[in-house]
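Subject: Structure handover

Hi,

Here is the structure I promised to pass on to you. Please have a look at it first, and then read on for my notes.

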Amino acid sequence: MSIQALSSVTNKGYSNVSFGKQHENVEKVSKYTSPMKAVPLAVLIAMSPLTTTNAVKIMNGDKEVNKVELSEAPQSQSRVLIYGDSFKSQNGTDVIVMALNTKGGTDSFDQIVLKVGEFTFEAKDLLLREGYLYSSNGVKEGPLRFKEVIAETEIDGKKERLSFVDPNIVNYVEALVAQPTNKSNIKNIRHADLNMVVASSKGQFIFLTDEDLKNYLENSTLYKLVGSNSNLYDEMMTEGFASNRLDAWERRIQGSHGNYIMKFYDLDDNPDNAELIVVQKEGDRDGCIEGVVFVDGKLHGVDNALSTGVVSVIRISPNPLSNYEEYITDDILANEIVKFYNSPKYNKSLKYSMTVMQSESNLALGDY
């Protein structure tokens, strides 16, 4: 199913979110042109026993909340623990959350920190996210809604911003932020979109800024209406191909995101099977189907991973010899393509035959 079909999934009051297992070697990616270095997320060091969540007590201004030991707080005469609690996230990570006064006094706090093993993170932002996946033809899937704490720590001598997404942990931080005694730089929860697109033939997702997303869509030939030149495949047939179109096989499909025409071509002078499928959505140009990838997407925080669900990605190029591909998402169309792929009517013997595969996409959430 696509991320649009996740409304039935609920975890502690958060709809459209499911939780997966943490993966190592997650890549943190910025802009659609250049992936950055891998970010280490192996911080699952045992720390302290689980205590009762005190978010409700904090929201009610209860001074008798159950605090973690002061020894867990960063040691300094100028730092006083005002609130604190420890959690075991849904993937087993132990996290201690502390509200500290670093400027003197015990009536307020000015810093929120999260301690995970040897790492101490300072909370920098609290977000209500709506994540969307955009296709090359402008289809917008989602939203995937979740709350996120962005926190900063030092890794290998460099400051890195990573995320915490477990609902219990984020709820606690949100309760701290709502307190009148909160003097930190985080004053409220901020709304922010998260833009994603598919960026490789293996179905890897990447994050885009708003400007990058605009450029991505403007440079997509699928997104632009081509008008009278919309049947590009027929016009771009490379010399040497037998362009025997099997008109009787043509199918019209009502998909998840529009209506499509599937056109079939015989390239080996055997009309009993087809070697190439061309698909065209109403209003778009056509293109050769290069393959279908069923992508299991994971958005990783330090404490957990959010699942997009399985997204059906269809790879399309102007012709079978092109190295340029664009990506659309449509569950119904993808299933129809796979059904034909598995039938005796499709000849898989050519070197450029389409492929069907499963893949994972792992992205580290952070300062986006």
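One cut-off before we start: a residue counts as buried when its relative accessible area is under 20%. Phenylalanine 340, at 11% relative accessibility, is therefore buried. Please keep in mind that this is a predicted model.

The buried ones are Asp331, Leu333, Ala334, Glu336, Ile337, Val338, Phe340 and Tyr341. At the start of α5, a side-chain oxygen of aspartate 330 comes to within 3.2 Å of the backbone nitrogen of isoleucine 332.

Now to the rings. There are nine aromatic pairs in the structure. One of them joins phenylalanine 119 and phenylalanine 121 in a tilted arrangement, with 6.4 Å centre to centre and 40 degrees between the planes. Both phenylalanine 119 and phenylalanine 121 are buried. Tryptophan 249 and phenylalanine 340 make an edge-to-face pair, at 6.2 Å centre to centre and 70 degrees between the planes. Because tryptophan 249 sits in the loop between β14 (244-245) and β15 (251-255) while phenylalanine 340 is in helix α5, this pair ties together parts 91 residues apart in sequence. Ring pairs also link Trp249, Phe264, Phe340, Tyr341 and Tyr346 into a cluster. Elsewhere, the charged end of lysine 140 sits over the ring of tyrosine 132, 4.2 Å from its centre.

Next, the nonpolar cores. The largest has 27 residues, and those that touch the most other members are Val97, Ile112, Leu114, Phe121, Val149, Phe164 and Leu176. At least two residues each come from β6 (80-88), β7 (94-101), β8 (111-116), β9, β10 (140-155), β11 (158-164) and α2 (167-177). Helix α2 gives the largest share, six residues. A second, separate core holds 24 residues, among them Tyr260, Ile289, Ile328 and Met354.

Finally, which strand holds aspartate 125? Aspartate 125 is part of β9, residues 119-134. With 16% relative accessibility, aspartate 125 counts as buried. Its side chain and that of arginine 190 are joined by a polar contact of 2.4 Å. Leaving out residues up to four places away in sequence, aspartate 125 touches Glu148, Val149, Ile150, Ile186 and Arg190.

Best wishes

Key:
Residues are numbered from 1 along each chain as its sequence is written. This is a predicted model: local features need pLDDT of at least 70, side-chain atom pairs count only at pLDDT 80 or more; totals for chains, interfaces and linings use all residues. Side-chain values use heavy atoms; hydrogens and water are left out. Helices (H or I, at least four residues) and strands (E, at least two) are DSSP runs, numbered from the N terminus. Buried means under 20% relative accessible area, exposed over 50%, partly exposed in between (1.4 Å probe, protein chains only). A polar contact is a pair of N or O atoms within 3.5 Å; within protein, one must be able to donate a hydrogen and the other to accept it, and residues adjacent in sequence count only if both atoms are side-chain atoms. Contact means heavy atoms within 4.5 Å. A nonpolar core is a set of buried Ala, Val, Leu, Ile, Met, Phe, Trp, Tyr and Cys residues joined through side-chain atoms within 4.5 Å. Rings of Phe, Tyr and Trp (its six-membered ring) pair if their centres lie within 6.5 Å; planes under 30 degrees apart count as stacked, over 60 as edge-to-face and the rest as tilted. A charge sits over a ring if NZ of Lys or CZ of Arg is within 6 Å of the ring centre and within 35 degrees of the ring normal.
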